[in-house]
Amino acid sequence: IVVCLVLVGGASAQKREWTIGECINHALESNIELRQRALEVKGAEIDLNTSINSRLPDLGASVSQSFNFGRFLSSETNTYESNNSASTGFSVSSSIPIFAGFSVNNTIKSNRISLQASMQGLETARENLSLAVTSRFLDILFSKEILGTKLVQLEQAEKQVAQTEILVEAGKVPRSQYYDALAQLEQERLNVVTAENNIKTDLLTLAQLLNITDYQSFDIAAPELDGEIGQGDPVLLMSPESIYSTALGIRPQVKEAELNM
């Protein structure tokens, strides 16, 4: 039992390395802001259906029942008599809009455009979230590269301290140079700690975008790149004007603004 618990605990303590594709897909499925945008689209769909159904006739019905107890003036004898009475009433009403100044048609058109704008807004939020996840992912990769550099510098500083100590014992350099090497070593150790903290901060920020609660076991996997980046990409051969004009026709931000206008 103890061996099984140790194995399970060690397996749970291992960090899972997420690829950039897994990060983006998970963020698109679980991000809270994106879910709110999806609910806005659902609300726009309900408004459109409500305006369309406003063309249909409405129907209302009611029923009432009343009871009277005590003395009442009789219409037959013109005298007060003790009597109990009850009455029941029914009513049914219906209405249908015939002409309302084209307000129904215009409301339907407006709600249909609002729905399209909400859908483009959802797509905009999806793209912004994907870009944010990609940016944070690259920040972590950059921070890890910085940490690797700092570790190399720390190793060199340790070797420098050892070499300086030998030279001081041999009387080749003054002891002050040894203290300078020690100070540089401590600075490199501080740089390593700072780089490690930067990685933890970047991982935490990315985990928040992905709505991951177990951020302590969260880590990323560096992508494997084959060949030259961007080689043969037709986009890189386009002029800035062509890229800009193409973006105006496909970017959801532009379509959303046009629909809102």
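Which residues does Thr-164 touch, not counting residues up to four places away in sequence? In this predicted model, Thr-164 touches Val-173, Gln-177, Tyr-178 and Ala-181, once residues up to four places away in sequence are left out of the count.

**Thr-164**
- Thr-164 is found in helix α4, the helix that covers residues 103-169.
- Thr-164 counts as buried because its relative accessibility is 2%, and buried means under 20% relative accessible area.

**Packing of α2 with α4**
- Helix α2, which covers residues 20-30, packs with α4 at an angle of about 140 degrees, and the axes of these two helices are 10 Å apart.
- The crossing that α2 and α4 make is right-handed.
- On the α2 side the residues that meet α4 are Ile-20, Cys-23, Ile-24, Ala-27 and Leu-28, while on the α4 side they are Arg-126, Leu-129, Ser-130, Val-133, Thr-134 and Phe-137.
- Sorted by class, the contact of α2 with α4 has eight nonpolar residues, two polar residues and one charged residue.

**Asn-106**
- Asn-106 also has its place in helix α4.
- Asn-106 counts as partly exposed because its relative accessibility is 43%, and partly exposed lies in between the limits of 20% for buried and 50% for exposed.
- Asn-106 and Gln-208 are 102 residues apart in sequence, and from C-alpha to C-alpha they are 42 Å apart in space.

Notes:
Residues numbered from 1 in each chain as written. Predicted model: local features only at pLDDT ≥ 70, side-chain atom pairs only at ≥ 80, totals over all residues. Heavy atoms only, no water. Helix = DSSP H or I, 4+ residues; strand = E, 2+ residues; numbered from the N terminus. Buried < 20%, exposed > 50% of the residue type's maximum accessible area, 1.4 Å probe, protein only. Contact = heavy atoms within 4.5 Å. Axes fitted to C-alpha atoms, helices over the stretch in contact; angles between N-to-C directions. Left-handed = near helix turned anticlockwise from the far one by under 90°. Nonpolar A, V, L, I, M, F, W, Y, C, P; charged D, E, K, R; others polar.
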